[in-house]
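Dear colleague,

Please find below the structure that I am handing over to you, followed by a summary of what was found in it.

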Amino acid sequence: MAKINANYKKLPGSYLFSMIGKKVREYQEAHPEAKIIRLGIGDVTQPIAPKVIETLHSAVDEMGDASTFKGYAPDLGYEFLRSVIAEKDYRDRGCDISADEIFVSDGAKCDCGNIQEIFDTGNRIAVCDPVYPVYVDSNVMAGRTGAYDAAAERFENVIYMPCTAENGFVPDLPEEIPDLIYLCFPNNPTGAVIKKAELQKWVDFARKHDSIILYDAAYEAYISEEDVPHSIYECDGAKECAIEFRSFSKTAGFTGLRLGFTVIPKDLETGGERLWPLWARRHGTKYNGAPYIVQKAGEAVYSPEGRQQVREQIAYYMGNAKIILDGLKGAGFEVSGGVNAPYIWLKTPRNMTSWEFFDYLLSEANVVGTPGSGFGPHGEHYFRLTAFGSRENTVEAVERFKTL
Ligand SMILES: Cc1ncc(COP(=O)(O)O)c(C=O)c1O
């Protein structure tokens, strides 16, 4: 008899977004006249930049001509894309990363979820609390955690690192030594960033204890402040202890096109084993490459016109972030994030739980956000707002907050 992977049964249902959807639907049915504004969306809303669209069209035409048609992509991704990434995202920032250390994929979610496969199931992971759920859930599926403790809202055998107002939503170095450390900056959901000197401490810690840092930099393009690193490889020694994930989703609006990449330095090793060949093997065996037309579109993002156009899109979203941040501060709310990230992290007023505030905001202001408790126990009494809406809706939502 075939048996299922029982680790999947450890996962509690994905309650957060289904519950939000249900509550919003029920409210709208009961109040058909209400104009609900969604500030909870984690998806971009602006169309793909014109330069990228133009490149997509010409790449599509290439696919229709026998002399330029492309079949399977090379295992690591097309050289034209990997070399422009290595140059513009890394070498231009002083990071010594080469094109053959870049693995092109169809997005950061898959890579963040799949990377754990090249590590032993006995490894102990450390994650931030609150956290983007993919890191923990993919390790649960692999059997690297114990059972779920519903009361504590935690899995056994996972090191949770609290991110609180006291530590500026940047975790303290853990007392127990993890084998794998997931870090994400700029952070989803808190919008917090890590300064270079702080990140250097993590790199030093990982090197001292032979841990590997899995660094998710999906929101790197939103960084506006000078001393905030765009890549972990800006830190000394990071090539000896870190893997980095990047995405075109929030950088260039590719959530529907799908493109990302993972950086694994050639010499990165653990226990005398290099990780690059393992991920290359995994990539070659289980993945057949992002489409040629999408990789061409990705290359166009780095062209002068493409860069200018995606910068304008990011500036638009960050304009929304500023409106939310300033407006809510002015209205007496405690808010953070939103300066180097499209997320604003709001402390719920009057000690309301995250879900109480959700209901209150929906009924009193017809605005929807995401309860912080859905990202982990330390997200309780917090609420995530995003800058991905339209300007008009963002302004209107902030006006409604002021009436609360
Ligand atoms: C922290 C973080 N990493 C990765 C992703 C996924 O990116 P992609 O669309 O490239 O799969 C997201 C998407 O919301 C995210 O918030």
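Seven strands make up an open sheet with mixed pairing, and their order is β2-β10-β9-β8-β7-β3-β6. At its edges are β2 (102–105) and β6 (158–162), each of which pairs on one side only. On average, neighbouring strands of this sheet are turned by 20° against each other, direction ignored. Please bear in mind that this is a predicted model.

The pairing of β9 with its two neighbours is as follows. Strand β8 (residues 212–216) runs parallel to β9 and is joined to it by four bridges; here Ile 213 has Ala 242 of β9 as its bridge partner. With strand β10 (residues 260–263), β9 pairs in the antiparallel sense, again over four bridges, and Phe 245 stands opposite Thr 262 of β10.

Elsewhere in the sheet, strand β3 (residues 125–129) pairs with strand β7 (residues 180–184) in the parallel sense over two bridges. The bridge partner of Ala 126 in β7 is Ile 181. Helix α3 (residues 79–90) lies across β2 and β10 and runs at about 120° to β2.

**The ligand surroundings**

The ligand is surrounded by 14 residues, of which the closest are Gly 107, Lys 109, Asn 188, Ser 247 and Ser 249. Helix α4 (residues 108–114) contributes the largest share of this shell, with three residues. By class, the shell has seven polar, five nonpolar and two charged residues.

The protein chain is divided into domain 1 (14–43 + 306–402) and domain 2 (52–302). Their C-alpha centres lie 26 Å apart. The contact takes 25 residues from domain 1 and 33 residues from domain 2. On the side of domain 1 that touches domain 2, α10 (304–330), β13 (334–337) and β14 (343–347) each supply at least two residues. Of these elements, α10 gives the most, with six residues. The residues on this side of domain 1 divide into eleven nonpolar, eleven polar and three charged.

Yours sincerely

Technical notes: Residues numbered from 1 in each chain as written. Predicted model: local features only at pLDDT ≥ 70, side-chain atom pairs only at ≥ 80, totals over all residues. Near = placed C-beta within 6 Å. Nonpolar A, V, L, I, M, F, W, Y, C, P; charged D, E, K, R; others polar. Pairing = 2+ DSSP bridges. Axes fitted to C-alpha atoms, helices over the stretch in contact; angles between N-to-C directions. Contact = placed C-beta atoms within 7 Å. Domains from an automatic or database assignment.
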